[in-house]
There are 2 protein chains.
Amino acid sequence: MQKIVFIGAGNLATRLSKALIEKGHEIVQIYSRTEDSASMLAKYLASGYTTKTEEIYKDADIYIISVSDSAYDSVLENIDFSNKLIVHTSGSLPVEILKNHSENYGVLYPLQTFSKSRDTDFSVIPFCIEANTGKNEEFLHQFAKTVTTDVRHVNSEQRKKLHLAAVFASNFTNHMYYLAEKIIEKNNLPFDILIPLIEEVALKVKYISPQDAQTGPAKRKDMNIIAEHLKMLEEDKDISNLYKNLSDSIISSAEKNNTDKK
Amino acid sequence: MQKIVFIGAGNLATRLSKALIEKGHEIVQIYSRTEDSASMLAKYLASGYTTKTEEIYKDADIYIISVSDSAYDSVLENIDFSNKLIVHTSGSLPVEILKNHSENYGVLYPLQTFSKSRDTDFSVIPFCIEANTGKNEEFLHQFAKTVTTDVRHVNSEQRKKLHLAAVFASNFTNHMYYLAEKIIEKNNLPFDILIPLIEEVALKVKYISPQDAQTGPAKRKDMNIIAEHLKMLEEDKDISNLYKNLSDSIISSAEKNNTDKK
(Lines give C-alpha, C1' and ligand atoms only; values in the text may rest on other atoms or scores of the structure.)
Protein backbone atom coordinates (compact mmCIF):
# COMPACT_ATOMS: atom_id res chain seq x y z
CA MET A 1 0.00 0.00 0.00
CA GLN A 2 1.38 3.38 -1.05
CA LYS A 3 0.51 6.92 -0.05
CA ILE A 4 -0.19 8.86 -3.22
CA VAL A 5 -0.63 12.51 -4.18
CA PHE A 6 -2.21 13.29 -7.53
CA ILE A 7 -1.15 16.49 -9.28
CA GLY A 8 -4.00 17.11 -11.71
CA ALA A 9 -7.66 16.08 -11.69
CA GLY A 10 -8.53 15.21 -15.30
CA ASN A 11 -10.00 12.01 -16.79
CA LEU A 12 -6.84 9.95 -16.31
CA ALA A 13 -6.32 11.13 -12.71
CA THR A 14 -9.99 10.41 -11.93
CA ARG A 15 -9.96 6.88 -13.32
CA LEU A 16 -6.51 5.89 -12.10
CA SER A 17 -6.94 7.26 -8.57
CA LYS A 18 -10.21 5.34 -8.22
CA ALA A 19 -8.58 2.11 -9.41
CA LEU A 20 -5.65 2.60 -7.01
CA ILE A 21 -7.98 3.05 -4.03
CA GLU A 22 -9.81 -0.15 -4.99
CA LYS A 23 -6.47 -1.95 -4.82
CA GLY A 24 -5.82 -0.70 -1.29
CA HIS A 25 -3.67 2.38 -1.93
CA GLU A 26 -4.29 5.66 -0.17
CA ILE A 27 -4.84 8.87 -2.12
CA VAL A 28 -3.81 11.39 0.50
CA GLN A 29 -4.38 14.46 -1.61
CA ILE A 30 -5.46 15.88 -4.97
CA TYR A 31 -3.80 19.05 -6.18
CA SER A 32 -5.32 21.10 -8.98
CA ARG A 33 -5.12 24.79 -9.80
CA THR A 34 -8.87 24.71 -10.31
CA GLU A 35 -10.86 24.56 -7.07
CA ASP A 36 -13.85 22.83 -8.72
CA SER A 37 -11.77 20.05 -10.29
CA ALA A 38 -9.78 19.42 -7.12
CA SER A 39 -12.77 19.41 -4.77
CA MET A 40 -14.94 17.30 -7.07
CA LEU A 41 -12.36 14.55 -7.45
CA ALA A 42 -11.44 14.69 -3.74
CA LYS A 43 -15.11 14.30 -2.82
CA TYR A 44 -15.44 11.36 -5.24
CA LEU A 45 -12.43 9.68 -3.61
CA ALA A 46 -13.05 10.85 -0.06
CA SER A 47 -9.51 12.25 -0.01
CA GLY A 48 -7.99 15.64 0.80
CA TYR A 49 -7.31 18.34 -1.77
CA THR A 50 -5.56 21.66 -2.22
CA THR A 51 -5.21 24.35 -4.85
CA LYS A 52 -2.05 25.78 -3.27
CA THR A 53 1.33 24.33 -4.22
CA GLU A 54 2.82 25.16 -0.82
CA GLU A 55 0.14 23.07 0.88
CA ILE A 56 0.95 19.91 -1.06
CA TYR A 57 1.43 16.97 1.32
CA LYS A 58 5.16 16.37 1.88
CA ASP A 59 5.37 12.72 2.79
CA ALA A 60 3.74 10.70 -0.01
CA ASP A 61 5.46 7.62 -1.46
CA ILE A 62 4.70 8.72 -5.00
CA TYR A 63 3.49 11.89 -6.73
CA ILE A 64 1.56 11.17 -9.92
CA ILE A 65 1.50 14.19 -12.19
CA SER A 66 -1.26 14.10 -14.76
CA VAL A 67 -1.78 17.48 -16.39
CA SER A 68 -1.95 18.55 -20.03
CA ASP A 69 1.45 18.45 -21.74
CA SER A 70 1.69 22.23 -21.95
CA ALA A 71 0.99 22.67 -18.22
CA TYR A 72 3.90 20.54 -16.91
CA ASP A 73 6.46 23.35 -16.87
CA SER A 74 4.44 25.78 -14.79
CA VAL A 75 3.23 23.04 -12.43
CA LEU A 76 6.70 21.60 -11.84
CA GLU A 77 8.54 24.83 -11.15
CA ASN A 78 6.21 25.74 -8.31
CA ILE A 79 6.37 22.52 -6.32
CA ASP A 80 9.09 21.28 -3.98
CA PHE A 81 9.00 17.47 -4.07
CA SER A 82 11.88 17.01 -1.55
CA ASN A 83 13.36 14.29 -3.80
CA LYS A 84 10.36 12.02 -3.39
CA LEU A 85 9.45 9.79 -6.37
CA ILE A 86 7.57 11.80 -9.01
CA VAL A 87 6.14 10.37 -12.21
CA HIS A 88 4.37 11.88 -15.18
CA THR A 89 1.72 10.16 -17.28
CA SER A 90 2.33 11.68 -20.72
CA GLY A 91 2.87 9.69 -23.90
CA SER A 92 4.80 12.48 -25.61
CA LEU A 93 7.07 13.97 -22.96
CA PRO A 94 10.50 12.49 -22.18
CA VAL A 95 11.24 11.33 -18.65
CA GLU A 96 13.93 14.03 -18.39
CA ILE A 97 11.45 16.87 -17.98
CA LEU A 98 11.34 15.76 -14.35
CA LYS A 99 15.06 15.57 -13.64
CA ASN A 100 15.48 19.06 -12.18
CA HIS A 101 12.58 18.55 -9.81
CA SER A 102 13.56 15.43 -7.88
CA GLU A 103 16.35 12.89 -7.63
CA ASN A 104 13.74 10.16 -8.10
CA TYR A 105 11.58 10.30 -11.17
CA GLY A 106 9.90 8.23 -13.82
CA VAL A 107 6.96 7.73 -16.14
CA LEU A 108 3.75 5.80 -15.66
CA TYR A 109 1.87 5.85 -18.99
CA PRO A 110 -1.30 3.79 -19.17
CA LEU A 111 -2.01 3.30 -22.88
CA GLN A 112 -5.75 3.90 -22.94
CA THR A 113 -8.36 6.56 -23.63
CA PHE A 114 -10.27 7.75 -20.57
CA SER A 115 -13.76 9.21 -20.36
CA LYS A 116 -15.40 11.06 -17.50
CA SER A 117 -18.62 9.16 -18.11
CA ARG A 118 -17.27 5.66 -18.57
CA ASP A 119 -15.65 3.20 -16.20
CA THR A 120 -12.22 1.80 -17.02
CA ASP A 121 -11.06 -1.77 -16.50
CA PHE A 122 -7.40 -1.17 -15.65
CA SER A 123 -6.50 -4.83 -15.29
CA VAL A 124 -5.85 -5.28 -19.03
CA ILE A 125 -4.35 -1.87 -19.80
CA PRO A 126 -0.66 -1.81 -20.75
CA PHE A 127 1.24 0.41 -18.29
CA CYS A 128 4.42 1.74 -19.90
CA ILE A 129 7.00 2.53 -17.26
CA GLU A 130 10.41 4.17 -17.23
CA ALA A 131 12.53 5.55 -14.39
CA ASN A 132 15.86 7.22 -13.69
CA THR A 133 17.23 4.32 -11.61
CA GLY A 134 16.76 0.56 -11.50
CA LYS A 135 15.39 0.88 -7.99
CA ASN A 136 12.74 3.39 -9.03
CA GLU A 137 11.89 1.30 -12.08
CA GLU A 138 11.41 -1.77 -9.89
CA PHE A 139 9.24 0.24 -7.50
CA LEU A 140 7.10 1.47 -10.41
CA HIS A 141 6.85 -2.04 -11.82
CA GLN A 142 5.51 -3.42 -8.53
CA PHE A 143 3.26 -0.42 -8.09
CA ALA A 144 1.73 -0.75 -11.61
CA LYS A 145 1.32 -4.50 -11.04
CA THR A 146 -1.19 -3.74 -8.31
CA VAL A 147 -3.68 -2.43 -10.90
CA THR A 148 -2.77 -4.20 -14.17
CA THR A 149 -1.42 -7.52 -15.39
CA ASP A 150 0.43 -5.81 -18.26
CA VAL A 151 3.48 -3.73 -17.29
CA ARG A 152 6.01 -2.87 -20.02
CA HIS A 153 9.37 -1.12 -19.92
CA VAL A 154 9.25 1.49 -22.68
CA ASN A 155 11.83 4.24 -23.09
CA SER A 156 11.01 7.87 -23.90
CA GLU A 157 11.82 7.53 -27.61
CA GLN A 158 9.62 4.43 -28.00
CA ARG A 159 6.84 5.97 -25.93
CA LYS A 160 6.71 8.98 -28.25
CA LYS A 161 6.26 6.65 -31.25
CA LEU A 162 3.72 4.61 -29.35
CA HIS A 163 1.74 7.77 -28.70
CA LEU A 164 1.87 8.58 -32.41
CA ALA A 165 0.63 5.08 -33.27
CA ALA A 166 -2.12 5.49 -30.68
CA VAL A 167 -3.34 8.63 -32.48
CA PHE A 168 -3.96 6.45 -35.55
CA ALA A 169 -5.47 3.55 -33.57
CA SER A 170 -7.63 5.77 -31.42
CA ASN A 171 -8.30 9.38 -32.53
CA PHE A 172 -8.22 8.76 -36.28
CA THR A 173 -10.25 5.58 -35.88
CA ASN A 174 -12.84 7.46 -33.86
CA HIS A 175 -12.91 10.07 -36.63
CA MET A 176 -13.77 7.31 -39.13
CA TYR A 177 -16.75 6.46 -36.90
CA TYR A 178 -17.66 10.14 -36.86
CA LEU A 179 -17.58 10.42 -40.67
CA ALA A 180 -19.58 7.19 -40.99
CA GLU A 181 -22.15 8.66 -38.59
CA LYS A 182 -22.45 11.84 -40.69
CA ILE A 183 -23.14 9.79 -43.84
CA ILE A 184 -25.63 7.57 -42.04
CA GLU A 185 -27.57 10.42 -40.43
CA LYS A 186 -27.85 12.33 -43.70
CA ASN A 187 -29.73 9.31 -45.02
CA ASN A 188 -32.09 8.93 -42.08
CA LEU A 189 -30.52 5.79 -40.71
CA PRO A 190 -29.53 5.43 -37.06
CA PHE A 191 -25.83 5.14 -36.14
CA ASP A 192 -26.45 2.03 -34.02
CA ILE A 193 -26.79 -0.03 -37.20
CA LEU A 194 -22.98 0.22 -37.52
CA ILE A 195 -22.14 -0.90 -33.96
CA PRO A 196 -21.79 -4.67 -34.57
CA LEU A 197 -19.54 -3.97 -37.58
CA ILE A 198 -17.37 -1.52 -35.61
CA GLU A 199 -16.98 -4.02 -32.79
CA GLU A 200 -16.12 -6.93 -35.07
CA VAL A 201 -13.45 -4.94 -36.96
CA ALA A 202 -11.85 -3.99 -33.64
CA LEU A 203 -12.06 -7.46 -32.07
CA LYS A 204 -10.76 -9.19 -35.20
CA VAL A 205 -7.27 -7.63 -35.10
CA LYS A 206 -6.57 -9.42 -31.86
CA TYR A 207 -6.41 -12.63 -33.95
CA ILE A 208 -5.74 -11.53 -37.53
CA SER A 209 -3.17 -8.84 -38.48
CA PRO A 210 -4.74 -5.63 -39.87
CA GLN A 211 -3.07 -6.37 -43.17
CA ASP A 212 -4.71 -9.80 -43.50
CA ALA A 213 -7.98 -8.55 -42.02
CA GLN A 214 -8.51 -5.87 -44.68
CA THR A 215 -11.52 -6.21 -47.00
CA GLY A 216 -13.58 -3.81 -49.12
CA PRO A 217 -13.48 -1.99 -52.45
CA ALA A 218 -9.94 -0.55 -52.12
CA LYS A 219 -8.44 -3.88 -51.07
CA ARG A 220 -10.17 -5.55 -54.06
CA LYS A 221 -9.20 -2.59 -56.27
CA ASP A 222 -12.86 -2.32 -57.25
CA MET A 223 -12.57 1.00 -59.08
CA ASN A 224 -16.27 1.02 -60.07
CA ILE A 225 -17.42 1.07 -56.46
CA ILE A 226 -14.73 3.58 -55.51
CA ALA A 227 -15.90 5.89 -58.33
CA GLU A 228 -19.51 5.48 -57.25
CA HIS A 229 -18.63 6.28 -53.62
CA LEU A 230 -16.68 9.36 -54.67
CA LYS A 231 -19.68 10.51 -56.67
CA MET A 232 -21.93 10.10 -53.63
CA LEU A 233 -19.50 12.26 -51.64
CA GLU A 234 -19.01 14.99 -54.23
CA GLU A 235 -21.04 17.51 -52.22
CA ASP A 236 -18.43 17.33 -49.49
CA LYS A 237 -14.94 17.91 -50.87
CA ASP A 238 -13.18 17.25 -47.53
CA ILE A 239 -14.74 13.83 -47.00
CA SER A 240 -14.34 12.81 -50.64
CA ASN A 241 -10.65 13.79 -50.56
CA LEU A 242 -10.18 11.70 -47.43
CA TYR A 243 -12.00 8.79 -49.09
CA LYS A 244 -9.69 9.05 -52.08
CA ASN A 245 -6.48 9.37 -50.04
CA LEU A 246 -7.40 6.50 -47.73
CA SER A 247 -8.35 4.23 -50.65
CA ASP A 248 -5.09 5.09 -52.43
CA SER A 249 -3.19 4.30 -49.24
CA ILE A 250 -4.93 0.91 -48.89
CA ILE A 251 -4.22 0.09 -52.54
CA SER A 252 -0.55 1.05 -52.31
CA SER A 253 -0.12 -0.83 -49.00
CA ALA A 254 -1.60 -3.96 -50.57
CA GLU A 255 0.75 -3.60 -53.55
CA LYS A 256 3.76 -3.01 -51.32
CA ASN A 257 2.93 -6.08 -49.25
CA ASN A 258 2.54 -8.19 -52.37
CA THR A 259 5.97 -7.08 -53.58
CA ASP A 260 7.46 -7.83 -50.16
CA LYS A 261 6.10 -11.36 -50.29
CA LYS A 262 7.62 -12.14 -53.70
CA MET B 1 -37.70 -24.30 -42.02
CA GLN B 2 -36.86 -23.25 -45.57
CA LYS B 3 -35.11 -25.08 -48.39
CA ILE B 4 -32.26 -22.87 -49.56
CA VAL B 5 -29.91 -22.78 -52.54
CA PHE B 6 -26.79 -20.63 -52.26
CA ILE B 7 -25.43 -19.12 -55.46
CA GLY B 8 -21.82 -18.33 -54.52
CA ALA B 9 -19.46 -19.83 -51.96
CA GLY B 10 -17.47 -16.91 -50.52
CA ASN B 11 -17.02 -15.77 -46.91
CA LEU B 12 -20.57 -14.47 -46.53
CA ALA B 13 -22.14 -17.59 -48.09
CA THR B 14 -19.98 -19.79 -45.85
CA ARG B 15 -20.87 -18.02 -42.61
CA LEU B 16 -24.55 -17.41 -43.39
CA SER B 17 -25.27 -20.92 -44.67
CA LYS B 18 -23.74 -22.39 -41.53
CA ALA B 19 -25.83 -20.12 -39.31
CA LEU B 20 -29.01 -21.01 -41.24
CA ILE B 21 -28.38 -24.73 -40.80
CA GLU B 22 -27.91 -24.23 -37.06
CA LYS B 23 -31.34 -22.61 -36.99
CA GLY B 24 -32.97 -25.62 -38.68
CA HIS B 25 -32.98 -24.58 -42.33
CA GLU B 26 -31.90 -26.92 -45.08
CA ILE B 27 -29.19 -25.92 -47.54
CA VAL B 28 -30.10 -28.18 -50.43
CA GLN B 29 -27.36 -27.03 -52.75
CA ILE B 30 -24.36 -24.77 -53.28
CA TYR B 31 -23.71 -23.44 -56.75
CA SER B 32 -20.34 -21.94 -57.67
CA ARG B 33 -18.53 -21.70 -60.98
CA THR B 34 -15.44 -22.92 -59.18
CA GLU B 35 -15.46 -26.65 -58.40
CA ASP B 36 -13.15 -26.25 -55.39
CA SER B 37 -15.22 -23.52 -53.73
CA ALA B 38 -18.51 -25.33 -54.31
CA SER B 39 -17.31 -28.73 -53.11
CA MET B 40 -15.45 -27.35 -50.08
CA LEU B 41 -18.45 -25.44 -48.79
CA ALA B 42 -20.83 -28.32 -49.60
CA LYS B 43 -18.61 -30.70 -47.65
CA TYR B 44 -18.48 -28.28 -44.72
CA LEU B 45 -22.30 -28.12 -44.70
CA ALA B 46 -22.95 -31.72 -45.72
CA SER B 47 -25.09 -30.37 -48.58
CA GLY B 48 -25.17 -30.93 -52.34
CA TYR B 49 -23.37 -28.78 -54.87
CA THR B 50 -23.07 -28.12 -58.57
CA THR B 51 -20.96 -26.04 -60.93
CA LYS B 52 -23.50 -26.25 -63.76
CA THR B 53 -26.29 -23.68 -63.91
CA GLU B 54 -28.66 -26.14 -65.60
CA GLU B 55 -28.29 -28.51 -62.63
CA ILE B 56 -29.37 -25.96 -60.06
CA TYR B 57 -32.12 -27.37 -57.82
CA LYS B 58 -35.52 -26.14 -59.05
CA ASP B 59 -37.68 -26.29 -55.95
CA ALA B 60 -36.00 -24.25 -53.22
CA ASP B 61 -37.98 -21.73 -51.14
CA ILE B 62 -35.27 -19.11 -51.50
CA TYR B 63 -32.18 -18.60 -53.66
CA ILE B 64 -29.51 -16.54 -51.90
CA ILE B 65 -27.10 -15.03 -54.41
CA SER B 66 -23.81 -13.97 -52.87
CA VAL B 67 -21.18 -13.31 -55.50
CA SER B 68 -18.89 -10.33 -56.12
CA ASP B 69 -20.75 -7.29 -57.46
CA SER B 70 -19.20 -7.60 -60.91
CA ALA B 71 -20.23 -11.27 -61.26
CA TYR B 72 -23.99 -10.78 -60.78
CA ASP B 73 -24.77 -10.09 -64.45
CA SER B 74 -23.16 -13.22 -65.83
CA VAL B 75 -24.50 -15.42 -63.03
CA LEU B 76 -28.07 -14.15 -63.38
CA GLU B 77 -28.40 -14.43 -67.13
CA ASN B 78 -27.55 -18.13 -67.10
CA ILE B 79 -29.99 -19.31 -64.44
CA ASP B 80 -33.72 -19.96 -64.75
CA PHE B 81 -35.24 -19.36 -61.31
CA SER B 82 -38.84 -20.18 -62.39
CA ASN B 83 -40.13 -17.15 -60.47
CA LYS B 84 -38.99 -18.51 -57.13
CA LEU B 85 -37.84 -15.95 -54.52
CA ILE B 86 -34.31 -14.79 -55.26
CA VAL B 87 -32.32 -12.36 -53.10
CA HIS B 88 -28.92 -10.77 -53.43
CA THR B 89 -26.63 -9.83 -50.54
CA SER B 90 -24.84 -6.78 -51.90
CA GLY B 91 -24.62 -3.42 -50.16
CA SER B 92 -24.13 -1.49 -53.38
CA LEU B 93 -26.47 -3.03 -55.94
CA PRO B 94 -30.12 -1.96 -56.24
CA VAL B 95 -32.85 -4.55 -55.79
CA GLU B 96 -33.88 -3.99 -59.43
CA ILE B 97 -30.94 -5.90 -60.86
CA LEU B 98 -33.02 -9.00 -60.09
CA LYS B 99 -36.31 -7.94 -61.67
CA ASN B 100 -35.81 -9.56 -65.08
CA HIS B 101 -34.87 -12.86 -63.48
CA SER B 102 -37.88 -13.66 -61.29
CA GLU B 103 -41.25 -12.23 -60.32
CA ASN B 104 -40.21 -12.57 -56.66
CA TYR B 105 -37.03 -10.85 -55.59
CA GLY B 106 -35.41 -8.95 -52.79
CA VAL B 107 -32.26 -8.14 -50.83
CA LEU B 108 -30.83 -9.70 -47.69
CA TYR B 109 -27.82 -7.60 -46.65
CA PRO B 110 -26.18 -8.54 -43.36
CA LEU B 111 -24.10 -5.53 -42.32
CA GLN B 112 -20.93 -7.21 -41.14
CA THR B 113 -17.42 -8.18 -42.25
CA PHE B 114 -16.84 -11.91 -42.68
CA SER B 115 -13.63 -13.87 -42.41
CA LYS B 116 -12.90 -17.40 -43.53
CA SER B 117 -10.94 -17.99 -40.35
CA ARG B 118 -13.30 -16.48 -37.81
CA ASP B 119 -16.73 -17.47 -36.56
CA THR B 120 -19.61 -14.99 -36.80
CA ASP B 121 -22.31 -14.38 -34.20
CA PHE B 122 -25.26 -13.59 -36.46
CA SER B 123 -27.72 -12.97 -33.63
CA VAL B 124 -26.65 -9.30 -33.25
CA ILE B 125 -26.00 -8.48 -36.91
CA PRO B 126 -28.38 -6.01 -38.57
CA PHE B 127 -30.01 -7.67 -41.59
CA CYS B 128 -31.15 -5.04 -44.08
CA ILE B 129 -34.03 -6.36 -46.15
CA GLU B 130 -35.96 -5.09 -49.17
CA ALA B 131 -38.32 -6.88 -51.57
CA ASN B 132 -40.51 -6.24 -54.62
CA THR B 133 -43.78 -7.02 -52.81
CA GLY B 134 -45.12 -6.75 -49.28
CA LYS B 135 -45.54 -10.51 -49.18
CA ASN B 136 -41.91 -11.16 -50.13
CA GLU B 137 -40.75 -8.53 -47.65
CA GLU B 138 -42.74 -10.21 -44.89
CA PHE B 139 -41.28 -13.59 -45.86
CA LEU B 140 -37.74 -12.16 -45.77
CA HIS B 141 -38.42 -10.50 -42.43
CA GLN B 142 -39.52 -13.77 -40.85
CA PHE B 143 -36.67 -15.62 -42.52
CA ALA B 144 -34.02 -13.16 -41.27
CA LYS B 145 -35.59 -13.27 -37.80
CA THR B 146 -34.59 -16.91 -37.52
CA VAL B 147 -30.88 -15.94 -37.38
CA THR B 148 -30.84 -12.39 -35.98
CA THR B 149 -32.74 -10.20 -33.55
CA ASP B 150 -32.11 -7.11 -35.70
CA VAL B 151 -34.03 -6.92 -39.00
CA ARG B 152 -34.34 -3.52 -40.72
CA HIS B 153 -36.21 -2.39 -43.80
CA VAL B 154 -33.70 -0.42 -45.87
CA ASN B 155 -34.31 0.68 -49.46
CA SER B 156 -31.72 0.48 -52.23
CA GLU B 157 -30.75 4.16 -52.03
CA GLN B 158 -30.21 3.99 -48.25
CA ARG B 159 -28.36 0.70 -48.50
CA LYS B 160 -25.87 2.22 -50.95
CA LYS B 161 -25.14 5.01 -48.47
CA LEU B 162 -24.96 2.52 -45.63
CA HIS B 163 -22.35 0.59 -47.56
CA LEU B 164 -20.37 3.79 -48.07
CA ALA B 165 -20.54 4.54 -44.34
CA ALA B 166 -19.43 0.98 -43.63
CA VAL B 167 -16.29 1.55 -45.71
CA PHE B 168 -15.35 4.31 -43.25
CA ALA B 169 -16.37 2.35 -40.15
CA SER B 170 -14.71 -0.85 -41.29
CA ASN B 171 -12.12 -0.71 -44.10
CA PHE B 172 -10.71 2.73 -43.29
CA THR B 173 -10.74 1.97 -39.58
CA ASN B 174 -8.84 -1.24 -40.20
CA HIS B 175 -6.36 0.78 -42.27
CA MET B 176 -5.77 3.03 -39.25
CA TYR B 177 -4.86 -0.13 -37.28
CA TYR B 178 -2.55 -1.12 -40.12
CA LEU B 179 -0.74 2.23 -40.12
CA ALA B 180 -0.47 2.13 -36.32
CA GLU B 181 1.06 -1.34 -36.62
CA LYS B 182 3.66 -0.10 -39.13
CA ILE B 183 4.73 2.71 -36.76
CA ILE B 184 4.82 0.34 -33.78
CA GLU B 185 6.84 -2.36 -35.52
CA LYS B 186 9.41 0.11 -36.83
CA ASN B 187 10.13 0.93 -33.19
CA ASN B 188 10.43 -2.64 -31.97
CA LEU B 189 7.21 -2.67 -30.03
CA PRO B 190 4.62 -5.43 -30.44
CA PHE B 191 1.22 -4.59 -31.97
CA ASP B 192 -0.66 -6.24 -29.09
CA ILE B 193 0.16 -3.26 -26.88
CA LEU B 194 -2.53 -1.35 -28.84
CA ILE B 195 -5.29 -3.96 -28.51
CA PRO B 196 -6.95 -2.70 -25.29
CA LEU B 197 -7.00 0.85 -26.72
CA ILE B 198 -8.49 -0.31 -30.04
CA GLU B 199 -11.19 -2.26 -28.22
CA GLU B 200 -12.10 0.58 -25.86
CA VAL B 201 -12.41 3.12 -28.72
CA ALA B 202 -14.75 0.74 -30.56
CA LEU B 203 -16.82 -0.21 -27.50
CA LYS B 204 -17.14 3.40 -26.33
CA VAL B 205 -19.20 4.61 -29.32
CA LYS B 206 -22.01 2.32 -28.30
CA TYR B 207 -22.59 4.72 -25.39
CA ILE B 208 -20.98 8.03 -26.40
CA SER B 209 -21.34 9.58 -29.88
CA PRO B 210 -18.09 9.63 -31.90
CA GLN B 211 -18.18 13.42 -31.75
CA ASP B 212 -18.27 13.51 -27.94
CA ALA B 213 -15.87 10.56 -27.65
CA GLN B 214 -13.07 12.28 -29.58
CA THR B 215 -9.83 13.05 -27.72
CA GLY B 216 -6.22 13.66 -28.74
CA PRO B 217 -3.98 16.38 -30.15
CA ALA B 218 -6.22 17.41 -33.08
CA LYS B 219 -9.33 17.64 -30.90
CA ARG B 220 -7.36 19.78 -28.40
CA LYS B 221 -5.81 21.73 -31.29
CA ASP B 222 -2.40 20.95 -29.77
CA MET B 223 -0.32 22.20 -32.70
CA ASN B 224 2.98 21.44 -30.93
CA ILE B 225 2.25 17.72 -30.72
CA ILE B 226 0.85 17.68 -34.26
CA ALA B 227 4.05 19.31 -35.56
CA GLU B 228 6.15 16.82 -33.60
CA HIS B 229 4.18 13.89 -35.00
CA LEU B 230 4.50 15.19 -38.55
CA LYS B 231 8.24 15.47 -38.03
CA MET B 232 8.41 11.85 -36.85
CA LEU B 233 6.59 10.82 -40.02
CA GLU B 234 8.60 12.91 -42.46
CA GLU B 235 10.35 9.85 -43.92
CA ASP B 236 7.01 8.62 -45.18
CA LYS B 237 5.19 11.28 -47.20
CA ASP B 238 2.01 9.20 -47.67
CA ILE B 239 1.47 8.58 -43.98
CA SER B 240 2.39 12.13 -42.98
CA ASN B 241 -0.08 13.52 -45.55
CA LEU B 242 -2.80 11.27 -44.14
CA TYR B 243 -1.90 12.39 -40.61
CA LYS B 244 -2.20 16.01 -41.68
CA ASN B 245 -5.47 15.59 -43.59
CA LEU B 246 -7.08 13.57 -40.80
CA SER B 247 -6.00 16.08 -38.14
CA ASP B 248 -7.33 18.97 -40.27
CA SER B 249 -10.60 17.08 -40.68
CA ILE B 250 -10.92 16.54 -36.91
CA ILE B 251 -10.15 20.21 -36.24
CA SER B 252 -12.67 21.47 -38.79
CA SER B 253 -15.34 19.01 -37.58
CA ALA B 254 -14.86 20.24 -34.01
CA GLU B 255 -15.14 23.86 -35.19
CA LYS B 256 -18.22 23.12 -37.26
CA ASN B 257 -19.89 21.38 -34.32
CA ASN B 258 -19.09 24.29 -32.02
CA THR B 259 -20.69 26.70 -34.49
CA ASP B 260 -23.76 24.45 -34.78
CA LYS B 261 -24.18 24.50 -31.03
CA LYS B 262 -24.11 28.28 -30.82
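Predicted model: local features only at pLDDT ≥ 70, side-chain atom pairs only at ≥ 80, totals over all residues.
Which residue of chain B forms a salt bridge with Arg152(A)? The partner is Asp192(B), and the closest N and O atoms of the pair lie 3.1 Å apart.

**Extent of the interface**
- Chain A contributes 86 residues to the contact, and chain B contributes 86 residues.
- About 8400 Å² is buried between chain B and chain A, with 67% of that area on carbon and sulfur atoms.

**Polar and charged pairs**
- Four salt bridges are counted between chain B and chain A, including that of Arg152(A) with Asp192(B).
- Across the interface of chain B and chain A, 26 residue pairs are in polar contact, with both residues at pLDDT 80 or more.

**The side of chain B that touches chain A**
- At least two residues of this side come from each of helix H5 (156-186), helix H6 (195-204), helix H7 (210-213), helix H8 (223-232) and helix H9 (237-261) of chain B.
- The most is given by H5(B), with 26 residues.
- By residue class, the side of chain B that touches chain A comprises 46 nonpolar, 26 polar and 14 charged residues.

**Packing of H5(A) with H5(B)**
- Helix H5 of chain A (residues 156-186) packs with H5(B) at an angle of about 175°, and their axes are 9 Å apart.
- Because angles over 145 degrees count as roughly antiparallel, H5(A) and H5(B) are roughly antiparallel to each other.
- The contact of H5(A) with H5(B) is made up of 24 nonpolar, two polar and two charged residues.

Note on methods
Residues numbered from 1 in each chain as written. Chains lettered and ligands numbered in written order. Heavy atoms only, no water. Contact = heavy atoms within 4.5 Å. Buried area = accessible area lost by both parts, 1.4 Å probe. Salt bridge = Lys/Arg side-chain N within 4 Å of Asp/Glu carboxyl O. Polar contact = N/O pair within 3.5 Å; in protein donor to acceptor, adjacent residues only side chain to side chain. Helix = DSSP H or I, 4+ residues; strand = E, 2+ residues; numbered from the N terminus. Nonpolar A, V, L, I, M, F, W, Y, C, P; charged D, E, K, R; others polar. Axes fitted to C-alpha atoms, helices over the stretch in contact; angles between N-to-C directions. Parallel < 35°, antiparallel > 145°, perpendicular 65-115°, else oblique.
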